[in-house]
Amino acid sequence: MPDKEKDRKDRDKDKKPAISGAWEKVLLARHVQRPHALDFINGLTKDFMELRGDRHFGDDAALVGGIAQFEGRTVMVLGNQKGRDTKENIYRNFGTARAEGYRKAFRLMQHAAKFKLPILTFVDTGGAFPGKESEERGIAVALAENILLMSRLPVPIISLVTGEGGSGGALAISVSDRLLMLENAVYSVASPEGSATILWRDVSQAAAAAEAMKITAPDLLGFGIIDGVIPEPAGGAHTNPNEMMVTAREYMLRNLTELEDKYTSRGEAGIQAMLEARYQKYRKIGSWQELAEQAPELNGLSDILQANPSH
Amino acid sequence: MEKLFKRIPKVGGESEKEPTESSSEGTIEPQDQLKTEKVEKAPEISPEKAKKHEGHTPKFSWSIKPQGDQKPKQAARTDKADIPDDLWIKCAHCKELIYSKEFENNKKVCPKCGFHFRLTAYERVNFTLDEGSFEEINARLVTGDPLNFTTATETYQVKSDQTRAKTGLNESIVTGFGTLEGLPVALAVCDFNYMGGSMGSVFGEKLVRLVEQALERRVPLLAVSASGGARMHEGMFSLMQMAKTTAAFARLGEAGLPFISLLVDPCTGGVIASYASVADIILAEPGALLGFAGPRVIEQVTKQKLPPGFQTAEFFLEHGMIDQVVARKELRPVIAKLLHHYQTAVAQNEAREREVTYAR
């Protein structure tokens, strides 16, 4: 049909080549129309019931969570939620959660362990909120306790970085058996702006920091830090959210099924094997050299590394 | 059980403790304390300064004793212009002049105002453990360059080389085993002079290896943390060290071995947001800057002026984040008391288990 033909041509005209630059990816990962956590939760699961509050201080709209049905299973879902306009962003605190958000996540993860629910998390945050109230309520302790809990939680955890993975605030909901990233997502030790400030005290160098720090999904897959990359529709996830959901569901399901077959379907021994594998996955991340015992005069680290490269 | 009350006889002889590092280092000037990532100045003789202090020196007969290898000091008695200016230091906090030997004996705490100066990793080891008991492990582990980190102005390899030469350290953390008032302990100490005590691959690996050895030897672990957080130059490898180290400490906890975390000035970012905050006991030194984000970042983000005393050890205590603020001179006895409590508990539990076994 001529109409369909025309439509496809129009669509193809909009198709851009794959996005390659790290800074371009940062901008795309932050695109305001990009699907956010609740879009993924509603797109991938059914009957989502949001569970709120940390039972200590309050609720945090920047980090959402709840119980849902995913392909015939009850699962716990968690995600950093950003807004689309100023008003919503103020309500969501631009996706940067405070201590109460992370303590809510802690509570929900314990809940998941109690009922043996697999956990799916959707990471999309510039980081935990660096504010006065965060410090007063112990954001550092809240993040640390989540990391500790997730390292030993006896249920499968799959994390998907959908947009921006930023620092400890992202890590505190993404210690997992499978860490996946969307093709155009980024995950970094600190936001490019923060890194540039720390490295050169110059926020305008953010793009340079983004390049130098190797924060894209293909880079991190190459380093063995993440376990998989989910392709996006050409032009990015926001250009075709429905297609994005179909692909994401397929990848999440495949990974969850693998974990179930390998571990959780095998009783207590299986769960112990899963925890051991999770420990070893993080245990081996790093890059180091052992200097010779009787190393005489060293000309410098660069010489040693050149003589004996590990990566 | 015999081990329980065994003590190495000489206890806390503070005046006998001669920090090995400090004698080779120079003055502590206020700017050295305030600037991060800067080592203390190498000793240099400034005639103006020496002149300023010369009126004071003769007052204390005990003060002019030359110590160890510091030969220049002896010469100083005859030639006043040559008095090394590290005889006296000026407290960065109260601006009072302190005689440097007294300052050393006071474990680098100002005797006038109580300001706690930062310590190098080996100074901390010497002030903490029984003399000569420290055996370092993995001292020769050095960083790789996983990102091949290169920018217009610097490369990580060159920066690492420079930092190693400048500090004489191979990494920002020193790990090993020793005794504290006779009680065995695994010890990890950050050195803020090495790239801001930042946590990269080697930091994480050394700490995890220490935890794993502590598990094998069944000894408690003390971590003294002073760090700006994750190391930018190793990108995501650094962030993942938060998970790697915390997971190792989870195992230590499951094995029933105590973990004591001592937070010292300054401790922020990825270290305080990971292993350092999951300890059984969290202590801090008075006045230490503690927080997730640095004060500059908070002021920048929130446009709020922060009240005085915000993000100090006392602030953390007030908000329920730590167990106690402990002055440096009290640290040895306090930690020894804690170690003793846990050692007794572990022994009791083991005895109970044995009884159960015999009863069967």
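Predicted model: local features only at pLDDT ≥ 70, side-chain atom pairs only at ≥ 80, totals over all residues.

Residues are numbered from 1 along each chain as its sequence is written, chains are lettered from A in the order in which they are written, and side-chain values use heavy atoms, without hydrogens and water.

Helix 8 of chain B covers residues 235–254; helices here are DSSP runs (H or I, at least four residues), numbered from the N terminus. The expected span of a helix is 1.5 Å times one less than its number of residues, so the 20 residues of helix 8 of chain B should span 28 Å, and the 30 Å between its end C-alpha atoms agrees with this. Because 17 of these 20 residues are buried, helix 8 of chain B is largely enclosed by the rest of the structure; buried means under 20% relative accessible area (1.4 Å probe, protein chains only). Just after helix 8 of chain B, G256(B) adopts a positive phi of about 75°.

At the interface, 60 residues of chain A are in contact (heavy atoms within 4.5 Å) with 66 residues of chain B. Five salt bridges are counted between chain A and chain B, each being a side-chain nitrogen of Lys or Arg within 4 Å of a carboxyl oxygen of Asp or Glu. A salt bridge joins the side chains of R209(B) and E290(A), at 3.6 Å from N to O. On the side of chain A that touches chain B, helix 7 (residues 139–152) of chain A gives the most, with 10 residues.

Methods:
Helix = DSSP H or I, 4+ residues; strand = E, 2+ residues; numbered from the N terminus. Buried < 20%, exposed > 50% of the residue type's maximum accessible area, 1.4 Å probe, protein only.
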